[in-house]
Amino acid sequence: MEDTRYYDNPLEDYSDFTSIPYINRDTKEINEYFKRALSESTKKLLYQLEEKKSHWIHDHDNSVYTGTAGIAYMFYHYGKCFNEPAYIRVAKLLGTSVSKFRGRREITFVTGIAGPLALHAVVSHSEGNEKESENMITRLKSLSSHVLDERSELSDELLYGRIGYLFALLFVNSHISPPPVEDDIIKQVVTITIKSGNIYAASTKYKTPLMYAWHDSEYLGAAHGLGGILYLLLQARAYLTQSQLENDIKPALEFLQRLRYPTGNFPSSNGSTTDKLVHWCHGAPGMTMLFCLAYEVFKDEQYLNTALQCGEVIWERGLLKKGYGICHGVAGNAYTFLCLFQHTKDVSHLYRACKFAEWCMDFGTHMTTNPDRQFSLFEGLAGTIYFLIDMQNPLSAKLPAYTV
């Protein structure tokens, strides 16, 4: 049966000839012609988003994932990258997002209050408003009491669990100097996350020291599963012991590798036999970044080979009919090629990123359904713009809310 989730890739793959309109092979950079095209498309889509402000500014969703905080994040990113102060002045919008959250249980960067708090702290700091920044950081750190409570029944994954809170702490420390979040808080979050994975893995008798469940499913991908948890733990490796790296993280990586389909794609959950999801949230795209980082940390070629196989899967099946978003769209999948280029400096990956970017620049044409939050960072237009901003400086590109 034909899989209707993606378009058969009609794009010409890399060669010295096909790369000419996109890449300067001598400098291994995007050429001036395509840079101009990226810049013009970014501004055009940004204008479209601003024109639709009435459709998203009054939305009740205030998260980074699909709400106003995520759109503000994109504006801040644009302002910082292109020195446009007007776009940096989004603190008021972020402050509104912070005030709308009522519960302390929504503790992650992507879907909870931790994201608006962390972003508001960083924006306030960049604007010189240290008092407001410190207030946001104090509130962010106060969430740790819930995160570190073993009786809280809190999950561990990225979208709704402890790792999503860990990202917020790392994000703040990477953008504010000196780092305002104490090492001890981060170490405690890392330790309880590993302990939780140890306990669950032991209860299921898997041949891995770490395993996690969310809503009774043992997810493996970036958003809800083991892959995303390992990726954040590796990004926090300065707070890990050597024993944790060697006896918890490395065996869990090898366990995860063994679950790959013959195609090189990854199952969405342990036990799944349906090789159909090629999204950042489930499947090869989120895994590319994990195994590139694992290669950087452990210097084991098998990890880089796994990441490269993910790239082939995404080139073949990554032009998704769901649209151009980050979570389950073409923009999110394209970060795979930017990641591979950053780690290998092989311009064939940069070329593939350019081709996916060109597809995204034709926004609205290759899409069978509209996302629920069509202007948002992770599902819609703001995420596509964020990716096109990153394309203009590919060596610095980072998938938002996933790569610190």
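**Notebook: helix packing, rings and backbone**

I began with helix α9 (residues 162–175) and helix α10 (residues 183–204), whose axes come within 10 Å and cross at roughly 155°. That makes α9 roughly antiparallel to α10; I noted that angles over 145 degrees count as roughly antiparallel, under 35 as roughly parallel, 65 to 115 as roughly perpendicular and the rest as oblique. The axes are lines fitted to C-alpha atoms, for helices over the stretch in contact, and the angles run from 0 to 180 degrees between N-to-C directions. Helices (H or I, at least four residues) and strands (E, at least two) are DSSP runs, numbered from the N terminus.

Before going on, I wrote down that this is a predicted model, in which local features need pLDDT of at least 70 and side-chain atom pairs count only at pLDDT 80 or more, while totals for chains, interfaces and linings use all residues. Residues are numbered from 1 along each chain as its sequence is written, and side-chain values use heavy atoms, with hydrogens and water left out.

Returning to α9 and α10, I found that their crossing is left-handed, a term for a near helix turned anticlockwise from the far one by less than a right angle, with clockwise giving right-handed. I then looked up the contact (heavy atoms within 4.5 Å): Arg162, Ile163, Tyr165, Leu166, Leu169, Leu170 and Asn173 in α9 meet Ile185, Ile186, Val189, Val190, Ile192, Thr193 and Ser196 in α10. The residues of this contact divide into 10 nonpolar, 3 polar and 1 charged, where Ala, Val, Leu, Ile, Met, Phe, Trp, Tyr, Cys and Pro count as nonpolar, Asp, Glu, Lys and Arg as charged, and the others, Gly among them, as polar.

In the loop between α9 and α10 I came to Pro178, which is joined to Ser177 by a cis peptide bond with omega of about -5°. In the loop between α10 and α11 (226–235) I found His215, which has a positive phi of about 50° although it is not a glycine.

Next I took helix α13 (residues 284–298) and helix α15 (residues 330–344), which pack at an angle of about 15° with their axes 8 Å apart. These two helices, α13 and α15, are therefore roughly parallel to each other. Their contact is made by Pro285, Thr288, Met289, Cys292, Leu293 and Glu296 of α13 and Asn333, Tyr335, Thr336, Cys339, Leu340 and His343 of α15. I sorted the residues of that contact into 7 nonpolar, 4 polar and 1 charged.

Last, I turned to the rings, and a search of the whole structure gave 28 aromatic pairs, a pair being rings of Phe, Tyr or Trp (its six-membered ring) with centres within 6.5 Å. Tyr65, Tyr231, Trp280, Phe378 and Tyr402 form one aromatic cluster. I also looked for charges over rings (NZ of Lys or CZ of Arg within 6 Å of the ring centre and within 35 degrees of the ring normal). Lys250 lies over the face of Phe298, at 5.8 Å from the ring centre, and the charged end of Lys321 sits over the ring of Tyr7, 5.3 Å from its centre.

Notes
Rings of Phe, Tyr and Trp (its six-membered ring) pair if their centres lie within 6.5 Å; planes under 30 degrees apart count as stacked, over 60 as edge-to-face and the rest as tilted.
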